[in-house]
Amino acid sequence: MFHASIAPLLQPFCHWQDGAWRATTGLSFPVTNPADGSLLATVADQGGPEAEAAIARAHAALPAWQAKSAKERAALLRRWFELILEHQDALALLMTLEQGKPLAEARGEVAYGASYVEWFAEETKRLYGDIIPAASGDRRLLTIKQGIGVVAAITPWNFPNAMITRKVAPALGAGCCIVVKPSDETPLSALALVTLARQAGIPDDVFQMVTGQNAAAIGDLFCGDPRVRKLTFTGSTPVGKRLMAQSANTVKKMGLELGGNAPFIIFDDADLDMALKGLMLAKFRNAGQTCICANRILVQAGIYETVVERLVAAVAGLNVAPGTEAGATIGPLINDKAVAKVETLVADALAKGATLLAGGERHSAGELFFQPTVLANIQREMAIFDHEIFGPVAAVMRFESEAEAIALANDTPFGLAAYFYSQNMSRIWRVAERLEYGMVGINEGGISSEVAPFGGVKESGVGREGSKYGLEEFTEIKYLCLGGLG
Ligand code: SIN
């Protein structure tokens, strides 16, 4: 099944041999299925020299790409969008095999990824400038927005499709050329997107991929090269800080989507059906491996016991199984390091007095599977309060007052997403304005959308992706002062 449906997507980069896809040339590294450890493919192991060559090609391709009209670039993006949707099932299968998420979620991600391409195909045509009233009659002042130039992108494994499209589509739409280094855990979905972009007619050097295991060498090259005018990265805060420091010397524009530590607050006046539904989505999507997953579940004292009881019942309904199995809702985690981190956080919480109400250990479905877990009685001093869990563990904490909930929610260097549930309109405005986060879900656990700005404050990053702002991130404003008009 893998061989046949995936073939057209991988063939430009790999060939089928001895039960797996093999890189056509040079050194390669293995890509395995986290559900069972089996070898799926080997992919070209590129490094600094290949990244440098890709940047040189992108730089050379820039004038012709910038010379195209917005309408021409939009048409190419539109065709790419259509091809992604035409291949939704094959792309989803590829994603489930290399990343682990259940097929239904993978299909959803392909549609979500495609929505960014469609959105930016449309927005590209609306990259307006301004006419500014001048202070004297002999001048006319205006601004135009121009593509920033060559962009380098480093993308994560948790959304192997959408985190690429939401960087590549606005970059191309704005008239930039882009070189992407995808995660070495999930390069196949990335290569498949390149195949479809080529089929759509997007020129080879305008959108390139550098696959490799030596992320540091490729990252160093991206940061140090003065031809790269913007670096866009989704991943951990420590790596983001390093990339930002390394890019200082060439004063690049940065787009950083970094770690989160999302509070999910349920007030006494919440609609509990709605809150539980939102919580299950915000906590267990992608087995808890998203930057905006509910990390600290803060529940007001009056409803604490009820919420915990209902959460335990809902968690019992989750189905842990390989993502290709019908009905699977929780797949494997990405690698052993991820599982070990979850184990450490759970052990620390239990040692400091948390109560285990469900799960708590690896699941018998395979080495990288973890049982959906509920921990109650979480306290401030537990490591789980400060660290992104990135696994299927719901950590529940009790609070008494609104002020306490806001203080706990903001007590972190992170500021990506927050969620809260209340039916009181005054409280809704009060709390929404006081939460120090880039995104706030109010009576809603699923906030991601191509039309809305995704991004964080504090150490969760800089810049926004998606929405009208996402396109502007790939542009520079040029001010034109037309004088001597008499
Ligand atoms: C992420 O985890 O960074 C992406 C989540 C999303 O786009 O919904």
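Predicted model: local features only at pLDDT ≥ 70, side-chain atom pairs only at ≥ 80, totals over all residues.
How many cavities of 30 Å³ or more does the structure hold? The count comes to 4.

1. The largest cavity. This cavity holds about 110 Å³ of space. Its lining consists of 14 residues, and those nearest the centre are Phe159, Met163, Arg166, Cys291 and Phe454. Sorted by class, the lining comprises 7 nonpolar, 4 polar and 3 charged residues.

2. Position of the largest cavity.

3. Helix α6. This helix covers residues 162–174, and Met163 and Arg166 are among the residues nearest the centre of the largest cavity. Since 13 of the 13 residues of α6 are buried, the helix is largely enclosed by the rest of the structure. The cut-off behind this reasoning is a relative accessible area under 20%.

4. The lining includes Lys230, Thr232, Gly255, Leu256 and Glu257, together with Val462, Gly463, Arg464, Glu465, Glu473 and Phe474. Two elements, β10 (228–234) and β11 (253–257), each give two or more residues to this lining. The largest share, 3 residues, is that of β11. By class, the lining of the second largest cavity divides into 3 nonpolar, 3 polar and 5 charged residues.

5. The largest pocket. Turning to the open spaces, the largest pocket has a volume of about 1200 Å³. It is lined by 39 residues, with Trp157, Gly235, Ser236, Val239 and Lys337 nearest its centre. The lining is made up of 17 nonpolar, 13 polar and 9 charged residues.

6. Which element gives the largest share of the lining of the largest pocket? That element is α9, with 6 residues. At least two lining residues come from each of α8 (215–224), β10, α9 (237–247) and α12 (336–351). Domain 1 and domain 2 both give residues to the lining, which means that the largest pocket lies between them. Strand β10 is also one of the elements that give two or more residues to the lining of the second largest cavity.

7. The second largest pocket. About 410 Å³ of space lies in this pocket. Of its 23 lining residues, Phe13, Ala44, Gln46, Arg57 and Met209 lie nearest the centre. The elements β4 (39–44), α2 (48–67), α7 (187–200) and β9 (207–209) each provide at least two lining residues. Helix α2 gives the most, with 4 residues. In terms of class, 12 residues of the lining are nonpolar, 6 are polar and 5 are charged.

Methods. Residues numbered from 1 in each chain as written. Heavy atoms only, no water. Expected span 1.5 Å × (residues − 1). Buried < 20%, exposed > 50% of the residue type's maximum accessible area, 1.4 Å probe, protein only. 1 Å grid on protein atoms, 1.4 Å probe; cavity = no way out; pocket = protein on both sides within 12 Å on 5 of 7 lines; lining within 4 Å. Points joined across faces, edges and corners; volume = space filled by probe spheres on them. Nonpolar A, V, L, I, M, F, W, Y, C, P; charged D, E, K, R; others polar. Domains from an automatic or database assignment.
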